Amino acid sequence: MAATIFYGAGEYARVNLTCWRDSGLNPVCFVDRDEKKHYTKFPGTEIEILPLSEAISRYPDYKIYISVSPENAVAVHNHLLESGVSKERIDFAGGGAFYKGCHMLSTGYFSILQTSLGIKFRACCCPQGPFTFTTSKDKDDLIHELLKCEEIAQELMDKHRNNESCVCDGCANLIDGYYSTKRRIQKLVPDGVYRGERCNVSCIYCNAKGILKNSKDENYFSYDEILDIVGEHIPDNVTLLPGAGEFFFSPNKEKIYEIMKNKNWHGLFLTNGLIFDKEAADMMRQRKASIDISIDAGTRETFAKIKSVNYWDKLLANLEKYAQTGGYIQLKYIFLENINDNKTEIDGFFDVAVKYASAVKIAADMVDMKKRSTPLSENCRDMMKYFIETAKNKEIPLRVDWRVFDYDKELCDELKQALASC
Ligand code: SF4
Ligand code: SF4
């Protein structure tokens with residue numbers, strides 16, 4: 001039997017080692033690019049960390065399992081191929097297969113968009129992606145549409161894996177990576193099923209204003225009803241992404257917490273970070289929730305300009321409290337031309353990120369990207385690449401919100417190249 005080598009002796013491997021061992025993977029050694037780790041022992045074990053060449057020469061009959069986060073796995077995969085390791089010898093410790101696929105499908109995104117025109121189920125957030133639509137108020141019809149949407153999503157995943165042409169052709173979210181092969185709803189996004197949602201700030205790029213306004217529409221089902229109906233047909237360990245507007249300011253918050261507790265769902269709270277929510281912090285402490293905060297700035301002046309409020313200190317104080325829970329915090333940077341596309345803002349953002357972020361995410365103003373007829377300026381594009389390089393240098397996992405950049409294929413390619421060269 002081939003010797004198991006893990007590539008990546010960092011935090012991700014430390015957190016997941018027990019789970020991987022339980023699934024039958026027992027590494028004979030680790031490999032890491034960081035020379036300082038070579039010939040030391042992996043934390044808490046007697047397993048040695050070696051340079052790649054040494055590991056291969058000691059264990060010529062080997063299989064390498066990539067043990068870095070999924071975001072960084074592609075770069076390691078490519079590095080291994082360039083180092084002469086054949087693709088048959090490479091796998092991802094977390095499972096899945098390597099192909100040009102879509103993380104929204106494989107990580108189980110599923111949204112319910114309730115409008116005055118009917119109910120739309122979507123397995124991704126792109127208009128051309130898999131969706132079903134019904135104007136029926138019958139519960140069985142609803143379930144039927146949900147299951148049909150899931151079937152279409154699985155068919156698409158199969159097509160991606162077999163490299164077949166499909167409706168996703170050309171979508172920026174279609175990228176090389178390790179993906180699961182079986183579709184399963186994991187992230188439930190009940191968009192547009194709220195009434196009375198609101199926000200405590202007014203960001204210059206806010207695209208939720210329409211949703212907030214439409215939330216007065218007559219709904220087909222109440223929030224509880226729709227989550228109950230859908231909840232019967234999805235797995236228990238789903239993550240709920242609630243909220244249009246600022247979730248911690250929502251009049252529906254307590255009701256949503258109750259539903260989550262009853263159903264044992266996790267929460268991914270999209271927030272501007274200006275309200276410290278004790279219940280969310282408790283959930284983070286129990287690893288039942290994580291938060292995603294758009295900061296978009298590195299100085300108090302620019303933060304105030306973007307958010308319309310002068311609450312930089314409050315943000316930092318809340319981040320400190322959320323970080324004390326040990327929970328997962330993703331900090332987002334929405335690029336805005338001539339406002340935050342400069343090194344001062346990006347460096348300031350990373351001063352905050354190194355203290356508090358589990359991961360950072362790069363995005364742009366979606367409304368602006370959709371309607372603009374000229375590409376983003378060269379400076380803005382360069383600063384996005386600078387952001388990517390900085391994340392890499394600071395060893396903070398990075399995500400890109402590809403759907404935002406979908407309107408500029410050239411920029412997508414530039415960013416993908418910048419990511420690959422990190
Ligand atoms: S590749 Fe694009 S269109 Fe296809 S499912 Fe993913 S996000 Fe939707
Ligand atoms: S925090 Fe979100 S919902 Fe509130 S104004 Fe900003 S973008 Fe809009």
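Before anything else, a term: a residue is called buried if 20 or more other C-beta atoms lie within 10 Å of its own, exposed if 12 or fewer do, and partly exposed in between, with the C-beta atoms placed from the backbone. What we are looking at is a predicted model, in which local features need pLDDT of at least 70 and side-chain atom pairs count only at pLDDT 80 or more, while totals for chains, interfaces and linings use all residues. Residues are numbered from 1 along each chain as its sequence is written, and chains are lettered from A and ligands numbered from 1 in the order in which they are written.

Let me start with the whole protein. There are 16 helices and 17 strands in it, where helices (H or I, at least four residues) and strands (E, at least two) are DSSP runs, numbered from the N terminus. The radius of gyration is 22 Å, close to the 22 Å that the globule rule gives for 422 residues, so the protein is as compact as a globular protein of that length; the radius is taken over C-alpha atoms, and the rule is 2.2 Å times the number of residues to the power 0.38. Along its principal axes the C-alpha trace spans about 65 × 50 × 45 Å, and buried residues make up 36% of the 422 residues.

An automatic or database domain assignment supplies the domain bounds, and the protein is divided into domain 1 (3-95) and domain 2 (102-271). The centres of domain 1 and domain 2, taken over C-alpha atoms, are separated by 35 Å.

Turning to the sheet, five strands form an open arrangement in the order β3-β2-β1-β4-β5, with parallel pairing; two strands pair if DSSP finds at least two bridges between them. At the edges stand β3 (49-50) and β5 (90-92), each with a single partner strand, so one side of each is left without a neighbour in the sheet. Strand β1 (residues 3-7) and strand β4 (residues 62-66) are joined in the parallel sense by five bridges, and Tyr 7 stands opposite Ile 66 in β4. Helix α3 (residues 70-82) packs on this sheet, touching β1, β4 and β5, and its direction makes about 155 degrees with that of β4. Contact here requires C-beta atoms, placed from the backbone, within 7 Å, and the axes are lines fitted to C-alpha atoms, for helices over the stretch in contact, with angles that run from 0 to 180 degrees between N-to-C directions.

Which residues of helix α10 (residues 300-307) are buried? They are Thr 302, Phe 303, Ile 306 and Lys 307. Seen down the axis of α10, these residues fall within an arc of 120 degrees, so they line one face of the helix; the arc is that of the directions from the helix axis to the C-beta atoms. They pack against α11 (312-323) and α12 (343-356), and just after α10, Ser 308 takes a positive phi of about 75 degrees.

Finally, a residue in a loop: Asn 163 lies between α5 (139-161) and β10 (174-179). Its phi is near 60 degrees, a positive value in a residue other than glycine, and Asn 163 is exposed, with 9 other C-beta atoms within 10 Å.

Key. Contact = placed C-beta atoms within 7 Å.
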